[in-house]
Amino acid sequence: MKVKICGLKTKEAVDTAVNNGADFIGFVFAKSKRRIAPELVREITTDVPLDVKKVGVFVSPTLDEVEMTVKAAGLDMIQIHGEQLIETPSVPCISAVSVNKGNHRFLKTAKAAEYVLFDAPPKQYAGGNGETFDWETLDLKPLKDRKVFIAGGLTVENVQKAKKVFDPYAVDVSSGVETNGEKDLEKIKQFLQRAKEEI
């Protein structure tokens, strides 16, 4: 069971996530209170082991924007919300899809992507709004060959239930490990411990 801690902005938060077992660490380059400069990402991730993947989060980017940021930040993967790239980027891509009740158009996008992330519909931001989607809406059986991330309102209290419902490749958290809008180091530790526990 893999875990992604997203929306990181400080070396302390990066180190806490890595030292407590995070498999992916996410950095937001789209409009967001969690937005970070690519150069700062490179600066705060110099000690990150190679097996922990650095993921850049974008909303409807151009390929040039992605590639410039990948190089500047030293990213291993990207995650795209909104309009997906037509071209193939230089690093693996997680296609983020909003789950709306009664709307199964997302399956077409999901089937085309090796990595797909299911999230709640966008509000103020494309992701990281702290709300779950209707879990009964999403059936992952058609996507058994895909590496699926589950996001949207996950917390230490509900992550085990999400694992039981979806048996995903990974879970993804941002607002669920924050206090007053900032990353909470203790919540990061608790979430990782809970998410990694056997069901």
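Is N20 buried, partly exposed or exposed? N20 is partly exposed, with a relative accessible area of 31%. On this scale, buried means under 20% relative accessible area, exposed means over 50%, and partly exposed lies in between, using a 1.4 Å probe and protein chains only.

## About this model

What you see is a predicted model, in which local features need pLDDT of at least 70 and side-chain atom pairs count only at pLDDT 80 or more, while totals for chains, interfaces and linings use all residues. Residues are numbered from 1 along each chain as its sequence is written, and side-chain values use heavy atoms, with hydrogens and water left out.

## The overall picture

Let's start with the whole protein. It has six helices and ten strands. Helices (H or I, at least four residues) and strands (E, at least two) are DSSP runs, numbered from the N terminus. Of the 199 residues, 50% count as buried. The protein exposes about 10,000 Å², and carbon and sulfur atoms supply 48% of that area. Accessible areas come from the Shrake-Rupley method with a 1.4 Å probe; for residues, only the protein chains shown count as cover.

Contacts (heavy atoms within 4.5 Å) also tell us something about the fold. Among the contacts with a separation of 6 or more, 52% come from residues 24 or more positions apart.

## Helix α6 and its neighbours

Helix α6 covers residues 185–196, twelve residues in total. From its first C-alpha to its last it reaches 17 Å, close to the 16 Å expected at 1.5 Å a residue. The expected span is 1.5 Å times one less than the number of residues. Its buried residues include I188, F191, L192 and A195. These four cover an arc of only 95° around the axis, which puts them on the same side of α6. The arc is that of the directions from the helix axis to the C-beta atoms. Among the elements covering the buried residues are β1 (2–5), α1 (11–19), α5 (159–166), β8 (170–173) and β10 (182–183).

Now back to N20, which lies in the loop between α1 and β2 (24–28). Not counting residues up to four places away in sequence, N20 touches K189 and L192. N20 and K189 are 169 residues apart along the chain, yet their C-alpha atoms are separated by 6.1 Å.

## Helix α3, two sides

Which residues of α3 (63–73) are buried? They are V66, T69, V70 and A73. Seen down the axis of α3, these buried residues fall within an arc of 105°, so they line one face of the helix. They pack against α2 (38–44), β3 (53–59) and β4 (77–81).

On the other side of α3, D64, M68 and K71 are exposed. After the helix comes G74, whose phi is positive, near 75°.

## A buried serine

S174 sits in the loop between β8 and β9 (178–179). At 12% relative accessibility, S174 counts as buried. Its side chain makes a polar contact with the side chain of R34, at 3.1 Å. A polar contact is a pair of N or O atoms within 3.5 Å; within protein, one must be able to donate a hydrogen and the other to accept it, and residues adjacent in sequence count only if both atoms are side-chain atoms. Leaving aside neighbours within four places in sequence, S174 is in contact with C6, G7, R34 and K183.

## Salt bridges

Side chains of opposite charge can pair when their charged atoms come close. The structure holds ten salt bridges, each defined as a side-chain nitrogen of Lys or Arg within 4 Å of a carboxyl oxygen of Asp or Glu. One of them joins K183 and E178, at 2.5 Å from N to O. K183 counts as buried at 17% relative accessibility, and E178 is buried too, at 8%.

Another salt bridge links D139 and K141, at 3.6 Å from N to O. Here D139 is partly exposed at 39%, whereas K141 is exposed at 64%. R194 and E197 also meet in a salt bridge, at 2.7 Å; R194 is partly exposed at 33%, and E197 is partly exposed at 30%. Finally, K11, D15 and D47 are linked in a network of salt bridges.
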